[in-house]
Amino acid sequence: MHEFSLNRRSFLRLAAAGSALVPLSLAGCGSSQRAGTGSAAGSAQEAGSGASSPAGTKLTFVGDDAFAPYRYLEAQSDGSQKVTGLDIAIADEMAKRLGFSYDFEAQDFAATLASVQSSDTSFTMAMSSNPEREQTYDFTRGYYQPLVGVLTKGDEVTDVAGLSGKSIAVTTGTVQNKFVAAAVPDADIHTYDGGDQCLQEVLAGRIDAYVCDGAEGQSMRDANPGLSLGLLDRDATKDYVGVYRIMATKGASFVAAFDECVGQMLEDGTIDKYIEQFVGADFKWGHDYSAAGSATEGVGA
């Protein structure tokens, strides 16, 4: 449809367009992944101690399936499509440790917030908390430290000053959207429902830059020769872009157990293993995950 290189979503969805609900087999996950050793891994009961255990319940993971490397569709040898990525690996591991099951429901970012808010059995991932969101949602502690990326067809943009006066694409409602609006007041900002649309605008030359999650931009750059990716310093974006957390509607009973499980997976190195696998070694926490913080006040209440 375009003369430009296809993004990951366009390529992987050729054989599976229109599939909105992807059931995930947790038995298969259990056979291919191993929990950490010792008390940090625990059983479903141990991991949920002090919290309402989600064991035996069916939850729904809502989110964009074109958000590589966190969630994306991967073609299988039999022609089917499978949702994979960092968030899926972490959710599968939590399901194994805590004893719940879930379906993945693909939605654009703009629809995800409303879907999660309206259901006490739904969650999403790769979300930063802020005072506005905390009025409506509960969060776990952070599991990933993002960088803000600037995707262009020209030279790399590595500082905020380099965005001045440019036409910029952002995904509606994201922390990157809020960052650009506040930090680059003279920019010509265009909002879109999904990152794939932002990418196509840059590829077409209609937009100068897509300000995005750095790892998402890394995947888009790798899949589209000719694109450049600059990463902004965390000090310049920290007031707008926090660590990525798991998010559910206010009062969802399973969030406290999720929070404990994330803490255990940080301590035993499981999350760093998945970050290295899906994002890269440079993005690992290492031995210092203090920036993960703790669950926001009121989680599980």
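A search of the whole structure for disulfides (pairs of cysteine sulfur atoms within 2.5 Å) finds zero. A disulfide is a covalent bond between the sulfur atoms of two cysteines. For Cys-198, the closest cysteine sulfur belongs to Cys-212 and lies 8.5 Å away, so the two are too far apart for a bond. Cys-198 is buried, with a relative accessibility of 0%, and Cys-261 is likewise buried at 0%; here, buried means under 20% relative accessible area, exposed over 50%, and partly exposed in between, for a 1.4 Å probe and protein chains only.

The model is predicted, so local features need a pLDDT of at least 70 and side-chain atom pairs count only at pLDDT 80 or more, while totals for chains, interfaces and linings use all residues. Residues are numbered from 1 along each chain as its sequence is written, and side-chain values use heavy atoms, with hydrogens and water left out.

Cys-198 leads on to Thr-171, one of whose contacts it is. Contact means heavy atoms within 4.5 Å. Leaving aside residues up to four places away in sequence, Thr-171 also touches residues including Phe-109, Asn-177, Tyr-192 and Tyr-210. Thr-171 belongs to strand β10, residues 167–171. Helices (H or I, at least four residues) and strands (E, at least two) are DSSP runs, numbered from the N terminus. With a relative accessible area of 8%, Thr-171 is buried. Its side chain makes a polar contact of 3.3 Å with the side chain of Tyr-210. A polar contact is a pair of N or O atoms within 3.5 Å; within protein, one must be able to donate a hydrogen and the other to accept it, and residues adjacent in sequence count only if both atoms are side-chain atoms.

What about the empty space inside? Rolling a probe the size of a water molecule over the atoms shows where empty space is left. At least two lining residues come from each of α5 (109–117), β7 (122–127), α7 (175–183) and β12 (209–213).

Two backbone details deserve a look. Most residues other than glycine have a negative phi, and most peptide bonds are trans. Ala-126, in strand β7, has a positive phi of about 60 degrees although it is not a glycine. The peptide bond from Ala-68 to Pro-69 is cis, with omega near 5 degrees, and Pro-69 sits in the loop between β3 (66–67) and β4 (71–75).

Two helices complete the picture. Helix α9 (residues 214–223) is mostly covered, with seven of its ten residues buried, among them Glu-216 and Met-220. Asp-213 caps the N-terminal end of α9, placing a side-chain oxygen 2.9 Å from the backbone nitrogen of Ala-215. In helix α12 (residues 270–278) lies Thr-270, which is buried at 5% relative accessibility. The side chain of Thr-270 makes polar contacts with the side chains of Arg-97, at 3.0 Å, and Asp-268, at 2.6 Å.
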